[in-house]
Amino acid sequence: MTDSAKPTLLVVDGHSLAYRAFFALPVDNFSTKDGQHTNGIYGFLSMLINLIKAEKPTHLAVAFDTSRQSFRTREYTEYKANRSESPSEFKGQIPLLQDCLAAMSIQVLQKEDFEADDILATLATQGAEQGFDVLVCSGDRDTIQLVNEDITLLYPNVQGVSQLKRYDRQAVIDRYGVPPEQYPDIAALVGETSDNLPGVPKVGEKTAVKWITQFGSLDALLENADKVTGVVGNNLREHLDDVRRNRTLNRLLRDVELPLTIDDLEVQPMDAQGVRDIFSRLEFKTLIPRVAELAGIEQQMAAVASAAAVDAPVAAELAPADLASWLERSSGEVGVTITIEGGLPRRIGLATAAAAVESDWSAETAASIQPWLSGDAPKIFSDAKPQLKALARAGATVGGLAFDTIVAGWLLRPSFPDKTLADLVDRFLDEKLPEADPTQLVPETEGATPGQLSWYTLRVTEALRGEMEPAVSAVLLDIELPTLVTLAEMELAGVTVSHAKLSAFSVELAERADGIAQEAYATIGREVNLGSPKQLQEVLFEELQLPKTRKTKTGYSTDAAVLADLQEQAPHPFLDQLLQHREATKLRQIIESLDTAIDADERVHTTYVQTGSQTGRLSSTDPNLQNIPVRTQESRRIRAAFEVGAGYDTLLTADYSQIEMRIMAHLSEDPGLIEAFNSGEDLHRFVGARVFGVDPADVTNAMRTKVKAMSYGLVYGLSAFGLSKQLRIEQAEAKQLMMEYFNRFGAVRDYLRSSVEQARIDGYTATIFGRRRPFPDLTSPNRVLRENAERAALNAPIQGSAADIMKIALFRIHREFAAEQLHSRVLMQIHDELVVEVADGEWDAAERIVRERMGDAAALSVPLDVQIGRGGDWDEAAH
DNA sequence: GGCATAACGTA
DNA sequence: CGTACGTTATGCCC
């Protein structure tokens, strides 16, 4: 412990200690949900808090390096030249760490051209002169030279930064055999690999100490180098200049000009609000109380917390008529919450920043607020779609949708599982939304009421807006919210599915599956569960002794690709029977799930999950209408069960052809690819002609298949390995194909490379319209993680831009149908395809609107080609 | 009932 | 060792 009569100055090397923490703590456990790595920050702060608690410094500073360049690199260009660039996950943490220190009112020092250790040396020297007990905390051994009666070094041990070893003068002598001021002499002789400073070959600490002790000083040793015998003596004589250089470079400067004095380092009260804000942002929940305790600011912290966690206002229960007058008196945006029971509105809660009101939903309520609800007055929801649907069922329409917290939260962090307002309150306000405990019959805690939920919705909105870049905000307002309204109506509309067609097919398939199963049992001489991969493995690899296949977590794969391979290597009738059985049962499953989803109106109402993907695509559940089979002739019988509904004339399908390749052409500006799309020639034929150097007319089917696989693979970040597997060709041939392809379409390769590089720099990808997707793993040292991220980052702008374009087309079609007072309506979206139910006499108008709005949804450097089909059912309408 | 896994359907 | 999804049955857990 330090002498309590003397003030204590603690100076810390922020860079070296945070760097150690970075490698000591697993990055996976220390990342915010949006992917910001915090292990270095956390480790450093944790250490610093412990240090302050133990040492109680009166004065404190943390020094950082400014860059790798310093006066030392100018003197000796090789200095530290062997160090690899510090990982960008680490670099990004330094500014955040400095923000934390600023909030904790701790002085941060850095100076161009000097290293952190020079600043430490200067401060320590000044502090000692001014009568301080000085503690230097650094992970750099050069700071050993600073130790004297007044200056103690705290040096992290190998495990990390949690344990600091205390070096006073005696401890240095005990450990290194020389007093601190002579340690740089030892280091100069031995050299410092991490600084790229070679020493005398074969000379380690032992020899160096022996020499210094024997000759008394480094200078004396160098003058008498001829007296040193043996191989090491020769080595010494040959490396005198290296030693002198090392000694020059490892001397820390003690007279760096600094913009402040030791007095300025006096420990200051922390900014409780600031600490809370930045620590919350970094999700340092446990550090907050530790800092608070340290600073003696529990009270302030608690005050800040409770000031932030304002209790929701008690929502006043209003009579229906009073809702309208309350709304008239309110101004600005209103938070809206509709609770739903049996698909219909049950209660409504409204809130402004100042107050909340609520009411049961009734005909009177509806009448009272309908003018406001359907008008342009701005309304903010959390997960608006089900609420809009419930209102619509009750005959109420909503205008002026200004924000949706769930959709906004997803746009900011598409990888998050935030699906409820409670999640967002937790994450963005760092508060708990009051929730009734569902496990208790009589809950101790009351859940928030609709009015209060609306109030929280407004507060979360404010927090979300604070984080939204204008471009992302534009995606919300210009794409997502109009899409949301459209999706609500599509879900309400549903699509007619013929139970009769499905059940007939299902029976056929069931009979066939049974028949195949019996044959299969006969083949292998026993009954197994053909749906159990586990039992199949026994049959295939033990009983039938077929060659082992691709490994899975639990054994060997029995998937279709593997079974097809096996059939070639070691043909066996069981394999084909199994494949056929799978096909029949799979189709039957899909039919059954579809059939049970048919509602009383004979229609299937899927739910489109607007926040269901990381790229911007929709997903579809209950049932999933985006994976209805289409590949085989037989499976299209399922599509044939999707029929035009009563009161309508026909189905229209419209799909974008090769939209992702077109986006690729646009983004890469590849002249060849752009020409391909402008030429009117079949894309793959055109590309094949270029790649194989033949006339388009002479492109064979095999050639076309290959370039088609290549083109599509590009969008997914394919490898030669993957391509060879897909096409069942040699890897060398796949490699050759890729080379030829890129020779002809070089800009495509350039674009793909540069787009991943840009994402690595930015930390996210962006679509043409500004939708972002973060990719923290692009700089991961873990190769698997990094390469997975690279492929996903390659694909995200392309898939995402296609999704943006389809959404824009979709809601514009929806709006134009309404504007032209058509009864026709969009029913389904399958990523690049729309299915429209066309009313009597509206074909021409509907076809024109769909074609035009899909065609002009985005202005790319190539046209957007739209294929349209017509028929009484989905299969017929396909073209 | 809840969970992970393998398999497979779509764009 | 090609992206993005959702659903199903099995097999295991409690």
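1. What share of the contacts in chain A with a separation of 6 or more is made by residues 24 or more positions apart? Such residues account for 67% of those contacts, a contact being a pair with heavy atoms within 4.5 Å. The structure is a predicted model, in which local features need pLDDT of at least 70 and side-chain atom pairs count only at pLDDT 80 or more, whereas totals for chains, interfaces and linings use all residues. Residues are numbered from 1 along each chain as its sequence is written, chains are lettered from A and ligands numbered from 1 in the order in which they are written, and side-chain values use heavy atoms, with hydrogens and water left out.

2. Overall composition. Chain A has 879 residues, of which 52% count as buried. Here buried means under 20% relative accessible area and exposed over 50%, with partly exposed in between (1.4 Å probe, protein chains only). The secondary structure of the chain comprises 37 helices and 27 strands; these are DSSP runs numbered from the N terminus, helices being H or I of at least four residues and strands E of at least two. Taken along the principal axes, the box filled by the C-alpha atoms is roughly 105 × 75 × 60 Å.

3. Thr 38. This residue belongs to the loop between α1 (14–24) and α2 (39–55). Its relative accessible area is 2%, and Thr 38 is therefore buried. Gln 93 is 55 residues away along the chain, yet the C-alpha atoms of Thr 38 and Gln 93 are separated by 6.5 Å. Not counting residues up to four places away in sequence, Thr 38 touches Phe 30, Ser 31, Thr 32, Gln 93, Leu 282 and Phe 284.

4. Asp 117. Helix α6 (residues 116–129) contains Asp 117. The residue counts as buried because its relative accessibility is 4%. When neighbours within four places in sequence are left aside, the contacts of Asp 117 are with Asp 13, Ser 138, Asp 140, Thr 143 and Leu 252.

5. Helix α14. Four residues of this helix (residues 287–295) are named as buried: Leu 287, Ile 288, Val 291 and Ala 292. They lie on the same side of α14, because the arc that they cover around the axis is only 135 degrees; the arc is that of the directions from the helix axis to the C-beta atoms. In general, an α-helix has 3.6 residues a turn, so residues three or four places apart point the same way.

6. Gln 537. The position of Gln 537 is within helix α24 (residues 533–543). With a relative accessibility of 16%, Gln 537 counts as buried. Its C-alpha atom is 9.4 Å from that of Lys 548, at a sequence separation of 11 residues. Leaving aside neighbours within four places in sequence, Gln 537 is in contact with Glu 542, Thr 554, Gly 555, Tyr 556 and Thr 558.

7. Asp 622 and Pro 623. The peptide bond that joins these two residues is cis, with omega about -5 degrees. Asp 622 lies in the loop between β20 and α27, and the place of Pro 623 is in the loop between β20 (619–621) and α27 (636–640). Asp 622 also has a positive phi, near 50 degrees, in a residue other than glycine. Its relative accessible area is 62%, so Asp 622 is exposed.

8. Packing of α31 on α35. The axes of α31 (residues 701–716) and α35 cross at roughly 100 degrees and come within 6 Å. Axes are lines fitted to C-alpha atoms, for helices over the stretch in contact, and angles run from 0 to 180 degrees between N-to-C directions. The two helices are therefore roughly perpendicular, a class that spans 65 to 115 degrees, with angles under 35 counted as roughly parallel, over 145 as roughly antiparallel and the rest as oblique. Leu 714, Val 715 and Tyr 716 of α31 meet Arg 791, Leu 794, Asn 795 and Ile 798 of α35.

9. Packing of α34 on α35. Helix α34 (residues 746–762) and helix α35 (residues 783–819) pack at about 110 degrees, with their axes 9 Å apart. This pair is therefore also roughly perpendicular. The contact involves Tyr 751, Leu 752, Val 756 and Arg 760 of α34, together with Arg 786, Glu 790, Leu 794, Pro 797 and Ile 798 of α35.

10. Gln 821. The loop between α35 and β25 (825–829) holds Gln 821. Although not a glycine, Gln 821 has a positive phi of about 55 degrees. Gln 821 counts as exposed, at 66% relative accessibility.
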